[in-house]
Amino acid sequence: MEITKVNIYKISGKDNLKAFASINIDDELVIKNLKVVEGKKGLFVSYPAEKGNDGEYYDQVYPLNKDTRDYISETIIEAYEKEDAKSDQKASRRSKK
């Protein structure tokens with residue numbers, strides 16, 4: 001499995017929620033509505049979930065093993081950090097004008 005594309009959609013004003021993400025896998029499958037969240041131990045990726053009748057949230061898409069979860073998380077967080085750095089550079093240039 002290879003993640004062939006990552007899209008990051010930064011969010012502002014939502015406390016711990018930093019961005020939404022979508023990924024393409026092997027140019028054949030798209031997963032949307034992944035979330036980049038700031039937790040107590042740093043950034044992590046939250047998977048699309050739906051609220052059940054019992055009030056609990058259940059992931060609708062999720063990796064079946066740790067290696068896959070780590071690969072997806074690392075790829076999305078790396079893309080988020082690159083996008084965040086670009087945003088900071090643009091803001092810095094605007095403030096100097």
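1. Start with Ile23. Leaving aside its neighbours within four places in sequence, Ile23 is in contact with Ile3, Lys5, Val6, Leu29, Val30, Ile31, Leu34, Ile72 and Ile76. Contact here means heavy atoms within 4.5 Å. One of these residues, Val6, has Ile23 as its bridge partner in β2.

2. A word on the source. This is a predicted model, in which local features need pLDDT of at least 70, side-chain atom pairs count only at pLDDT 80 or more, and totals for chains, interfaces and linings use all residues. Residues are numbered from 1 along each chain as its sequence is written, and side-chain values use heavy atoms, with hydrogens and water left out.

3. Next, the overall layout. The protein chain has 1 helix and 6 strands. Helices (H or I, at least four residues) and strands (E, at least two) are DSSP runs, numbered from the N terminus. Along the sequence the pattern reads β-β-β-β-β-β-α.

4. Now the sheet. Four strands form an open sheet in the order β1-β2-β3-β4, and the pairing is antiparallel. Two strands pair if DSSP finds at least two bridges between them. β1 and β4 (42-46) stand at the edges with a single partner strand each, so one side of each has no neighbour in the sheet. On average, neighbouring strands of this sheet are turned by 25° against each other, direction ignored. For such angles, axes are lines fitted to C-alpha atoms, for helices over the stretch in contact, and angles run from 0 to 180 degrees between N-to-C directions. In general, strands of a sheet pair through backbone hydrogen bonds, either parallel or antiparallel.

5. Look at β1 and β2 together. The two strands run antiparallel, and 7 bridges join them. Ile8 is bridged to Ala21 in β2. β1 and β2 form a hairpin with 6 residues between them. Gly13, in the turn, has a positive phi of about 80°.

6. Which residues have the most contacts inside the largest nonpolar core? They are Ile8, Ile23, Leu34, Val45, Ile72 and Ile76, in a core of 16 residues. β1 (3-10), β2 (17-25), β3 (29-39) and α1 (66-96) each supply at least two residues of this core. The largest share, 5 residues, comes from α1. A nonpolar core is a set of buried Ala, Val, Leu, Ile, Met, Phe, Trp, Tyr and Cys residues joined through side-chain atoms within 4.5 Å.

7. Is Asn24 buried or exposed? Asn24 counts as buried because its relative accessibility is 18%. Buried means under 20% relative accessible area, exposed over 50%, partly exposed in between (1.4 Å probe, protein chains only). Asn24 sits in strand β2. Its contacts, with neighbours within four places in sequence left aside, are Glu2, Ile3, Thr4, Lys5, Leu29 and Val30.

8. Check two backbone angles. Most residues other than glycine have a negative phi. Asp26 is not a glycine, yet has a positive phi of about 50°. Asp26 lies in the loop between β2 and β3. Asp26 counts as partly exposed because its relative accessibility is 36%. Asn33 is not a glycine either, and has a positive phi of about 65°. Asn33 is in strand β3.

9. Finally, chain totals. Of the 97 residues, 24% count as buried. The accessible surface comes to about 7300 Å², with 45% of it belonging to carbon and sulfur atoms. Accessible areas come from the Shrake-Rupley method with a 1.4 Å probe; for residues, only the protein chains shown count as cover. Among contacts between residues at least 6 apart in sequence, 30% join residues at least 24 apart.
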